[in-house]
Amino acid sequence: MPQIQHPEDAIVRVTRSCICGSDLHLYHGMVPDTRVGMTFGHEFCGTVEQVGTEVRNLKPGDHVLVPFNIACGKCHFCQQGLFGNCHESNAQATAVGGIFGYSHTAGGYDGGQAQYVRVPYADVGPTVIPDWMDHDDAVLLTDVVPTGYQAAEMGGIQPGDTVVVFGAGPVGLMAARSAWLFGAGRVIVIDHVDYRLEFARVFGPAEVYNVREIDDMVVFLKKQTDSLGADVCIDAVGGDAAGNAIQTLLGTKLKLEAGNAIALHWAINSVKKGGIVSIVGVYGPTGNIVPIGNVVNKGITIRANQASVKRLLPRLIEHVKAGLINPKAMITHRVPLADIADAYHIFSAKLDGCIKPVLLPNGQ
Amino acid sequence: MLTTELVDTATIPGWGVDADPKNNPTYPIRHIEDQQTRGLTWDRPAIQVPDVEVLRSIEHNRLPAVVGTSTPPSGVSGAIRRYAFRRSESDWWHWLLLMGADRINVVEGVVQDVARGRLPNIPAEMGARAEWRHNKTGLARKVGTLIGVGAALYLALRREGGPAIPHTPDLADAARPAPPAPL
């Protein structure tokens, strides 16, 4: 069991955790400094067991959802609502803040795919789950819901805009769903797995297209959008993309690039001139071959970040209460923590219709 | 030429005339009008003193107030990681060294397991049971490929070490008496 190491720490007994698409980047060895023996898992909720001497907002017994960002709430960035960019939580890198269970590049904190977890800055991120909220909804509010929502928000969507979402995983699904909340007029989802596209068609609800049935994605999307391109393109894929052999070899196999950046290429090349590309897909931090010339020539705005969960939580909790979003509908698998290896494989290999697996520490 | 002198903005004609925060295209992420701090000036949280080795990016001028203490660097991979942290986050080698250290760390992990008398069940750790349940065809293809590649490697090695070397006449042949001429 982890120990209190700082007066603002809490120890949380995990009741639910998830495997995130971002975890697959760790699983596939694409994020550096992922040390043997470290515990993964940045999406979890649970019961507070112990609190440090300076924790004021939580007490043992509280059931909390814990945002994936570890944020101090005081630094230059936290004060601007950039909780994903805290400067007081990650010794190993300045580019990203601390994240639970996400390698030492994100601070070297053990994560929530465990029975207990140390939660630093317990007064800042963790939020007591409202009585009316289903805990399946709560656990998804720790990452995928705010990440998908922020992807749409960063897109600066204007009423009537055409939005293309690359990736029909949980974040892409949530981005598609959220695009409507910002007034999109048309939402298109692209993926390479039929069952995920079928899910997106219903959950989005969105127009869906399979990468494998399209010869040239950019030309196809231009034709779909009056030959000008989409107003907003969202990359909800990151480095594990399918679709380009050379990038797969250099990025995902040899690890010489930040993964396979094909989704980002498509996003930049499919957006209209003056449009916005919003990136929430995770890329490793090595080199990358990004068509930056097209970014300049087309006058594109690129927006990207880890979601600042705490900033978005109040609004998203209201949206869940109002029934505008229904996160738990994405949960397809409930797996005892002891069977985590199988759960990772099912999620990674896209078997058994898996959209989102939830891990149950006590098998319940 | 490098200079450390700051420019006095009061001497620049028109400085700041268009600096309306409402024009900032990064809204709503940055709230410059509400900004309370500049530089490293905030009221810091209590400082954690780590009880294990924590590597620090050279882009930090001080250790963050709270740090992760999972799995401190150790062994050969740890030495590579320490070396990698002498380079900045903008240096490709920093990341490539860390990626290399990760691969070495995997081998170290297996060796450590074996040293503790625990043989790692790698197929199970890679989800073979799930593959068997949900993707029998794929599993059969992978096992078939593995057996095929293994057999090819075995044959190639066997050929190298075995009698496949072509026979060439040597001195012993030259010394051997010629067969008697036919009568």
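Which residue forms a salt bridge with D342(A)? The partner is R129(B), and the closest N and O atoms are 2.6 Å apart. Before going further, please keep in mind that this is a predicted model. This pair crosses between chains: R129(B) is in helix α4 of chain B, residues 128-134, and D342(A) is in helix α11 of chain A. The two ends differ in cover. R129(B) is partly exposed, with a relative accessible area of 41%, whereas D342(A) counts as buried at 9%.

Let me stay with that helix. α11(A) is mostly covered, with 7 of its 9 residues buried. D342(A) is on the list of buried residues, and so are A343(A), Y344(A), H345(A), I346(A), F347(A) and S348(A). Just after α11(A) comes K350(A), which takes a positive phi of about 55 degrees.

Next, the aromatic side chains. Over all chains, the search finds 7 aromatic pairs.

K136(B) lies over the face of W132(B), 4.8 Å from the ring centre.

Back to salt bridges. The structure holds 25 of them over all chains. I will pick out two within chain A. In one, K328(A) pairs with D137(A), with the closest N and O atoms 3.3 Å apart. This one links distant parts of the chain, 191 residues apart: K328(A) is in the loop between α10 (309-321) and β14 (331-336), and D137(A) is in helix α2 of chain A, residues 135-140. K328(A) is partly exposed at 32%, while D137(A) is buried at 5%.

In the other, R201(A) and E198(A) meet at 2.6 Å, N to O. Both are in helix α5 of chain A, residues 194-203; they are 3 residues apart, so about one helical turn separates them. R201(A) is partly exposed, with a relative accessible area of 44%, and E198(A) is partly exposed as well, at 40%.

There is also a network of salt bridges, which links D33(A), R35(A), R81(B) and D102(B).

Now the surface. Which residues form the nonpolar patch? They are V36(A), V106(B), V110(B), V114(B), L119(B), I122(B) and M126(B), with about 630 Å² of accessible area together. Helix α2 of chain B, residues 92-115, gives the largest share of the patch, 3 residues. V114(B) has its place in that helix and is partly exposed, with a relative accessible area of 44%.

Last, the cysteines. How many disulfides are there over all chains? The count is 0. A disulfide is a covalent bond between the sulfur atoms of two cysteines, and the cut-off used here is 2.5 Å between sulfurs. Take C72(A) and C86(A). The sulfur of C72(A) has its closest cysteine sulfur in C86(A), at 3.7 Å, and that is too far for a bond. For C20(A) the closest cysteine sulfur is in C18(A), at 8.4 Å, again too far for a bond. Why do C72(A) and C20(A) count as buried? Buried means under 20% relative accessible area. C72(A) is at 3% and C20(A) is at 2%, so both fall under that cut-off.

To close where I began: R129(B) and D342(A) form a salt bridge that crosses between chains. I will take questions now.

How values were computed:
Residues numbered from 1 in each chain as written. Chains lettered and ligands numbered in written order. Predicted model: local features only at pLDDT ≥ 70, side-chain atom pairs only at ≥ 80, totals over all residues. Heavy atoms only, no water. Phe/Tyr/Trp six-rings, centres within 6.5 Å; stacked < 30°, edge-to-face > 60°. Lys NZ or Arg CZ within 6 Å of the ring centre and 35° of its normal. Patch = residues over 30% accessible without salt bridge, like charges linked within 9 Å, V, L, I, M, F, W, Y side chains within 5 Å. Areas by Shrake-Rupley, 256 points an atom, 1.4 Å probe, with all protein chains shown as cover. Salt bridge = Lys/Arg side-chain N within 4 Å of Asp/Glu carboxyl O. Helix = DSSP H or I, 4+ residues; strand = E, 2+ residues; numbered from the N terminus. Buried < 20%, exposed > 50% of the residue type's maximum accessible area, 1.4 Å probe, protein only.
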